[in-house]
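Me: I'd like a close look at a single part of this one, with some context around it. Could you walk me through it?
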Amino acid sequence: MIVLIFSKIIYFVCVRKIILILILIITAQLYPQSVTISGVIRDKQTGSGLDSAYLILINKNNLAQRDTFFANQSGFFSFILASQNEGQPIKDFYISNPYPNPFNPSVNIEVYLPSSDAVTVEVYNLLGKLIDQKTFILSQGRHRISYDGKGSAGIYFIVIKYKGKTSVKKIVQLDYVDGSGLKIFSNQNFTTKIYKNTITSFYLIASRFLYVHDTIEIDNSQNHQLIFNLETVHSYVTLIDLHNDVLEKVVQGYDIGILNSINHSDLPRFYKGGVDVQFMALWVSPTSYPNNPFQQTLKMIDSFKVQLNKYNSIFAQARSSREIDSLTKIRKFAAVLCVEGGHAIEDNLQKLDSLYNLGVRYLTITWNNSTSWATSAQDPQASTKGLSEFGRQVIRRMDSLGMIIDVSHVGPKTIDDILETTNNPIIASHSGARTLRNHYRNLTDQQIIKIAQKGGVIGVIFYPPYLTSASTANISHVIAHIEHIKNLVGIDYIALGSDFDGIERVVVGLEDVSKFPNLTEALLRRGYSISDIRKIYGENFLRVFRQVCK
Ligand SMILES: [Zn+2]
């Protein structure tokens, strides 16, 4: 019974829409000079129509001539490109484009006034009932009044009264809408209006907030039926996260191929989050493995390889920027190994070489523990004790191998010694800005400037206690750290280093690796351009990667 009622409703709605479309087609025949441009704007990934999408029409021969049309809630659009002399029932006054978009409840009424005066606009439904009425006092020139539809689907009449003259136009509304009615859209002069007889070819740009726009070029010789498939800004950029500790869980038997309700990372969530490349840290507790951290590091690599083999159709290891490029091109999730803590090499350069050969592409010089050759930021001697002579050998060996130096966790004197020793740009894979949050794990402005001067990057961490002294952190705190670095040294030195699965507390909105699109949206709302986001999410780091890991 319920199914029956439901199908009746669908039948009724469909029939009504078909009738309205037929009416539209019949009335369109009355304007043979017009060109109808219709179609749909869809999400490339899901194929579903996009609400709040719009089209910008630009005259190819005069780029200043442009017009905007909005799609309906389902992404459908249809508008008529009328000839300039159409719709001019009264010589000194006309309504242009009376039903520019039957799928769109918002109708633009364009009026030209030879002198300033009162203009009354009334909207009636098919039964003659007054739906809306407003009087505007307008100056001489062209004006646009918008009508944001009210009420059920159907045919409506727009009546314009000016100096005792009346003009009527019909519009078609395809859906029930509860709009705000008549209002002055803008009182600026519309001298750039596009008419069919004033253009030959034009650009049509389909766009929507959070999406990358798509442009096509078409002519006005015929009607057009178009499909736009727009890609989200998030999936358009290459996202490289510089720090994640999931391998700590993997070595204990965690399977990253299945969607888990525990931890922060697995392949389904990396996919959902649009993560293209993940640096996976090999971190060995110096207290649990005081004597054989290298051996435990190898064990972690083995468990990583087991997961790689198990999910090799969607998951691969990258060792170079070339491999990153080819894997991201085929949309295969890539992991790059890195080692967190110089204690893993057990004061032995051959072990450093072995790690490089296994694909390790950055080494965090220290974790919270100092080694015999480098001092951690947590060490009481951090500000005075730096690299030993062997420490400088490690740095030079990393330079010649092509392994990136990471200074997150590293003490200030050691960072200075590293910068003096290396010829390469260095990174801080997962840190924040000390000016915003005074914590030993964060970088001072001087350190940020020095890293930038060398051409390196700072991967902004998502760990609440490093972002703020408040009890919780949200995305705006992450953006504040990004913004601080941007204001200090520019957009070219910022990256992301979430530290997911290495943190026990998370930022609200960035709870696991599937939540990166929330950051993208917040950055766009904040005014960051697509090109800024591309840099922060991957291009800045790739510059370092290409330079160091040849
Ligand atoms: Zn760390």
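How many bridges join strand β2 to strand β3, and which way do the two run?

Reply: Before the details, bear in mind that this is a predicted model. Six bridges join β2, residues 54-59, to β3, residues 62-70, and the two strands run antiparallel. They form a hairpin, with two residues between β2 and β3.

β2 has another partner too: six bridges join it to β13, residues 201-207, and that pair is also antiparallel. L55 is a handy residue for seeing both pairings. Its bridge partner in β3 is F69, while in β13 L55 stands opposite A206. If you're looking at side chains here, remember that in a regular strand they alternate between the two faces of the sheet.

Follow the chain on from β13 and you come to the loop between β13 and β14 (211-212), where L210 is found. L210 has a positive phi of about 80°, although it is not a glycine.

D347 is not a glycine either, yet it has a positive phi, of about 55°. D347 sits in the loop between β20 (333-340) and α7. With 15 other C-beta atoms within 10 Å, D347 is partly exposed.

Two packed helices are described by the angle between their axes and the distance between the axes. For α7 (residues 349-357) and α8 (residues 389-401), the angle is about 30° and the axes are 11 Å apart. Angles under 35 degrees count as roughly parallel, so α7 and α8 are roughly parallel to each other. The crossing of α7 past α8 is right-handed. On the α7 side, the residues that meet α8 are L349, L352, D353 and Y356; on the α8 side they are Q393, V394, R397 and L401. By type, the residues of this contact come to five nonpolar, one polar and two charged.

Now for the wider setting. The chain has 14 helices and 25 strands, and 40% of its 550 residues count as buried. Of the contacts in the chain between residues at least 6 apart in sequence, 70% join residues at least 24 apart.

Definitions and conventions:
Residues numbered from 1 in each chain as written. Pairing = 2+ DSSP bridges. Helix = DSSP H or I, 4+ residues; strand = E, 2+ residues; numbered from the N terminus. Buried ≥ 20, exposed ≤ 12 C-beta atoms within 10 Å, placed from the backbone. Contact = placed C-beta atoms within 7 Å. Axes fitted to C-alpha atoms, helices over the stretch in contact; angles between N-to-C directions. Parallel < 35°, antiparallel > 145°, perpendicular 65-115°, else oblique. Left-handed = near helix turned anticlockwise from the far one by under 90°. Nonpolar A, V, L, I, M, F, W, Y, C, P; charged D, E, K, R; others polar.
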